[in-house]
Amino acid sequence: MQKATLDRAPSRAGPANPLDSGYAWARLLAALALGTIGGVGMWSVVVVLPAVQKDFGLTRADASMAYTFAMVGFGCGGVLMGRMADRLGIFRPLTAGIIVLALGYVATAFATTHWQFSIAYGLLIAMLGSAITFGPLIADVSLWFERRRGIAVAICASGNYLAGTIWPPVIERLVTAYGWRLTHLLIAGVCLVTMLPLAFAFRRAAPTAAQQAAAKPVGHVQRTPAIGLATLQLLLASAGVFCCVAMSMPQVHIVAYCGDLGYGVARGAEMLSLMLGFGIVSRLASGFIADRIGGLKTLLISSVLQAFALALYIPFDGLMSLYVISAMFGLFQGGLVPSYAIVVREYFPANEAGTRVGLTLTSTMAGMALGGWLSGAIFDWTGSYAAAFLNGIAWNVANILIVVFIIVRVRRRA
């Protein structure tokens, strides 16, 4: 009887079931492309930070405020756009977000004050524009996969890091050649022309609840921790803040840090690109790992490795050392963010995916926002980045403790 049940299992989904199908993989590739192009909204502000600081005559902390605005907007936009995607489908919020993203870059190009620049980044570029290409797209992709959900989510999340690998050196050269204002206008044109055609790949509605249930393995049991879902959401959000305060230290300030050490901002942009390039490898590897050991254990492994790499920045500040450590940092921490999305899909209902993933990834953006500003402020207070690295390590340890607590509670229920 058991053998007959297993033999019939593949036919439950039927050929019409779209989960893990060829169309699902094609949709994933379109999401990856959109994340790579639209992810510019997260990284362009990092590269132009020194030029904007000089142009407006700002302190390092004040110049970092634009990044903080962008991360807060990015996080809030993830929840807002995720909620809209749950109700309306992904297509309409996506097309609207692409148009607003382009308008945001035009607005920043004509900003006459730093506050105008920061608000345009936070509201138009991040919240109503670029945010749709991260959390909501990850949530949408997770609905189209069951057996390969971990690697699919990791691939989609890699678009954000591909953006960080490709865009920084390009933007740095454009800023050097044409200035940061014209660079923003060029970015607006590229986003509009390339992203709108890709959006039409998302007109098809997400799989129904019946199709998703049919695709689950025989004997599948929904995982439940020995805590309420509201408490789990709060713990995941807290963990997201803590890990990304630590993550933001090198990602936001590596360009300025290299400039302060006398290596030049071009070297810093190369290190950021290298860091995020290795982050792509990490994200893909974490997807394979999560499909085998689950999202929580993958999250813990990534967090421990990130703390180790972050600690290496303190004793080593030579040029080659910084290149190596930046590559290690990217390789170790890249699996953190997609792991949160996988954990959400493992423990929360599918019809809440957009909102729940948005809430969780918003916390990571809040951590990036807080960490980006806090590191700049610590630099202003102390005159160096050593204390900022120590601050990041402390926040990372707090993240590890939260994840360990969740794992213990899950095991108790098991």
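Guide: Start with aspartate 55. It is partly exposed, with a relative accessible area of 42%. Keep in mind that this is a predicted model.

Visitor: Which residue does aspartate 55 form a salt bridge with?

Guide: Arginine 181. The closest N and O atoms are 3.8 Å apart. Aspartate 55 sits in helix H4 (residues 49-56) and arginine 181 in helix H10, so the pair ties together parts 126 residues apart in sequence.

Visitor: And arginine 181, how accessible is it?

Guide: Its relative accessibility is 30%, so arginine 181 counts as partly exposed.

Visitor: How many salt bridges does the structure hold?

Guide: Five. One of them joins the side chains of arginine 27 and aspartate 140, at 2.9 Å from N to O. That pair also links distant parts of the chain: arginine 27 is in helix H2 and aspartate 140 in helix H8 (residues 135-142), 113 residues apart.

Visitor: Is aspartate 140 buried or exposed?

Guide: Buried, and arginine 27 is buried too.

Visitor: What about glutamate 352, which residue is its salt bridge partner?

Guide: Arginine 356, with the closest N and O atoms 2.9 Å apart. Glutamate 352 is partly exposed at 29% relative accessible area. Arginine 356 is buried at 18%, because buried means under 20%.

Visitor: Now helix packing. At what angle do helix H9 and helix H13 cross?

Guide: Roughly 175°, and their axes come within 8 Å. H9 covers residues 149-178 and H13 covers residues 265-293. Angles over 145 degrees count as roughly antiparallel, so that is the label for H9 against H13.

Visitor: What residues make up that contact of H9 with H13?

Guide: They divide into 15 nonpolar, 10 polar and four charged.

Visitor: Last topic, the surface. Which residues make the nonpolar patch?

Guide: Val106, Phe110, Tyr178, Leu182, Leu185 and Leu186, over about 550 Å². Helix H10 (residues 180-199) gives the largest share, three residues.

Visitor: Where is valine 106 found?

Guide: In helix H6 (residues 91-109). Valine 106 is partly exposed, with a relative accessible area of 32%. Patch residues need over 30%, so valine 106 passes that cut-off.

Methods:
Residues numbered from 1 in each chain as written. Predicted model: local features only at pLDDT ≥ 70, side-chain atom pairs only at ≥ 80, totals over all residues. Heavy atoms only, no water. Patch = residues over 30% accessible without salt bridge, like charges linked within 9 Å, V, L, I, M, F, W, Y side chains within 5 Å. Areas by Shrake-Rupley, 256 points an atom, 1.4 Å probe, with all protein chains shown as cover. Salt bridge = Lys/Arg side-chain N within 4 Å of Asp/Glu carboxyl O. Helix = DSSP H or I, 4+ residues; strand = E, 2+ residues; numbered from the N terminus. Buried < 20%, exposed > 50% of the residue type's maximum accessible area, 1.4 Å probe, protein only. Axes fitted to C-alpha atoms, helices over the stretch in contact; angles between N-to-C directions. Parallel < 35°, antiparallel > 145°, perpendicular 65-115°, else oblique. Nonpolar A, V, L, I, M, F, W, Y, C, P; charged D, E, K, R; others polar.
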